[in-house]
Amino acid sequence: MKTTLSLFCCSLSLLFCFYLPRGSLSAGVDRCKLPPRGWNSYDSFCWTISEDDFLKSAKVVAKYLKSHGYEYVVLDYLWYRRLVPGAYTDSLGFDVIDQWGRMVPAPDRWHSAKSGNGFAEVAKEVHSLGLKFGIHVMRGLSRQAFDANTPILDINTGRAYEESGREWRAQDIGIKERSCAWMPHGFMSVNTSLPAGRAFLSSLYHQYAEWGVDFIKHDCVFGDDFNLEEITYVSGLLKKFDRPILYSLSPGTSVTPTMAKELKGLANMYRVTGDDWDSWGDVASHFDVARDFAKAEMVPGEGLLGSSWPDLDMLPLGWLTDAGANQGPHRQCNLTLDEQRTQMTLWSMARSPLMFGGDVRQIDETTYKLITNPTLLEINDYSSNNMEFPYVTGKILGPERNHLMRRSKISMLKRVNNHHTRVVGVTSCKDPNANGWSVESLGQYHEQICWRKEDEQLNREPLCLYKRKPLLASSEHVLYGQDNRRLFTSDDGVKSCLDASPRHKLTSSEWKKKQPSFSTCRGDANQMWKLSSNATLRSSYSGLCARVKQVKANDVRTSGVRSWIATGRQGEIYVAFFNLNVEKTLISAKLSDMAKVLPGRNLEVWSGQRYEAVADSLEMVVDKHGCALFTLNCS
């Protein structure tokens, strides 16, 4: 079979792309079955955006991006916080709540909310533009409502919720010990086993539906902060409404395919990494996790009233702000153009949701052409069999010009040494690799919990955590721990306990090198653990289990060569090369190896215009942190 070849090169012009016009392809297509696409305010405004700025941004999206499938405009977190001195991302006492303890838009930034209709006017304006309106919400109940002990609305009566002859309030349902680890002054879980707890969540999400919300980004309920009970209940509420509301979950720290499989049928997209910002380390950290979810055949999966998609996070391109800042867009993206093209290409090949994060009011032509590139959007929407292609070779063309790197299914990255270290992380308790803990006596009063899996085979000392009495009245244990180097105890006056979730939002690159998290002992659920009979160590905060991973110290995670492959809906084959090195690299792949991952395809290439190819391989010099995308049109 002969194959013609066209080329999209991330370091050259986009004029040589093979593409089909998106407008004709998307007509009548239910986007619930495609990766969601839109704009989110976080990367450009953090939490400070106003109604005027939001609606101006929506109008730009409608005019320039809607025809390319960008249909959601999503307002990210803290829209209920007053923008006044002293307010910041984890401040307490600056939020606007109604008499039922529910968050409502801060009127100093959202003037249409002064009428008491919440976001109804904003949603109406967004809908008039042909777009869909989304908001970010946090887990459970706000600390401010808990402290005020507000009553709970019964949506069936319109009055305070009553049961067993009494009125129920926020302090009856809030679980203060399960506050959001990275926003402890902000929000806490509610007890969904109580009818009053479920009544509170019902009042929240019915209000969002009444406002006209089309997209819910639910934060501090996934990853290290996993709260399957709340996710399940909220998903059930959304399913009953008379119109679809897309359900998105965050954050993505420590997410694995095993954990994500517990979401089957519950959500439409879920984060699988920490926050992605405009650093090369953040971009490079996504290759492994994208590979793992594709290998697990979860692209897509079964979602709420449609499909579900692993979410690599927003695209921080164009004009941006900084994480946690109290100001709007004020700087350009720090990624080079090659790095931006690499990010957009990986996101598309992995079929991640595409949520642009830059200030659309100031979008430049280069950024606009990148996020609307028709070949990449076609791949993102309609490709299949998406996977990392492991049979690729890279030859660095630096000063020595002879450094050859080979990749196989096992060898993925260049390493600087072979020294291993062990780190504690969390995973689903259903993960077979989680059951490696055992208890050992240290004398009359003390015990230690040790991880012995792999260690006996390697003939080395196990990693141990030292058990003390719990700070709360429960059957679970608080652990004072050690990593490879340092021991934490309470005997010397320093009380440091193992945390189930980080105390601040991690970026993607921080998450990839996350070490055991220890902080001052407080006795909240984030530091409560229980050793089960099946040798797992379970967190009371998230229900996840601790496990120990073997990693290489000083791992060079931002170097090497990678490749992805996918098939198009008209039989074309997409092959992407990625150069993670700091030098130009000659990357090549044999067509016979492509046949190994695309059974039934007998590929043979002949040279096309402006591209030279040998008969049995694809080969191209790719710039530092750049990429190349080939489209093979089979006849």
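**Labels and their grounds**

Author: In this predicted model, strand 24 (residues 437–441) and strand 25 pair in the antiparallel sense over five bridges. Within this pairing, Trp437 stands opposite Trp451 in strand 25.

Reader: Why do strand 24 and strand 25 count as a pair?

Author: Two strands pair if at least two bridges are found between them.

Reader: Why is the aromatic pair of Trp39 and Phe54 called tilted?

Author: The angle between the planes is 45°. Stacked requires under 30 degrees and edge-to-face over 60, so this pair is tilted. The centres lie 6.0 Å apart, and the limit for a pair is 6.5 Å. Trp39 belongs to strand 2 (residues 37–40) and Phe54 to helix 3 (residues 51–65), 15 residues apart.

Reader: What makes Trp39 and Phe54 buried?

Author: Buried means under 20% relative accessible area. Trp39 has 0% and Phe54 has 0%, so both count as buried.

Reader: Why is the pair of Phe577 and Phe630 called edge-to-face?

Author: Its planes are 70° apart, which is over 60, so the pair is edge-to-face. Phe577 lies in strand 34 (residues 573–579) and Phe630 in strand 37 (residues 627–634), so the pair ties together parts 53 residues apart in sequence.

Reader: How do you know that Phe577 is buried?

Author: Phe577 has 0% relative accessibility, and the cut-off is under 20%, so Phe577 counts as buried.

Note on methods:
Residues are numbered from 1 along each chain as its sequence is written. This is a predicted model: local features need pLDDT of at least 70, side-chain atom pairs count only at pLDDT 80 or more; totals for chains, interfaces and linings use all residues. Side-chain values use heavy atoms; hydrogens and water are left out. Helices (H or I, at least four residues) and strands (E, at least two) are DSSP runs, numbered from the N terminus. Buried means under 20% relative accessible area, exposed over 50%, partly exposed in between (1.4 Å probe, protein chains only).
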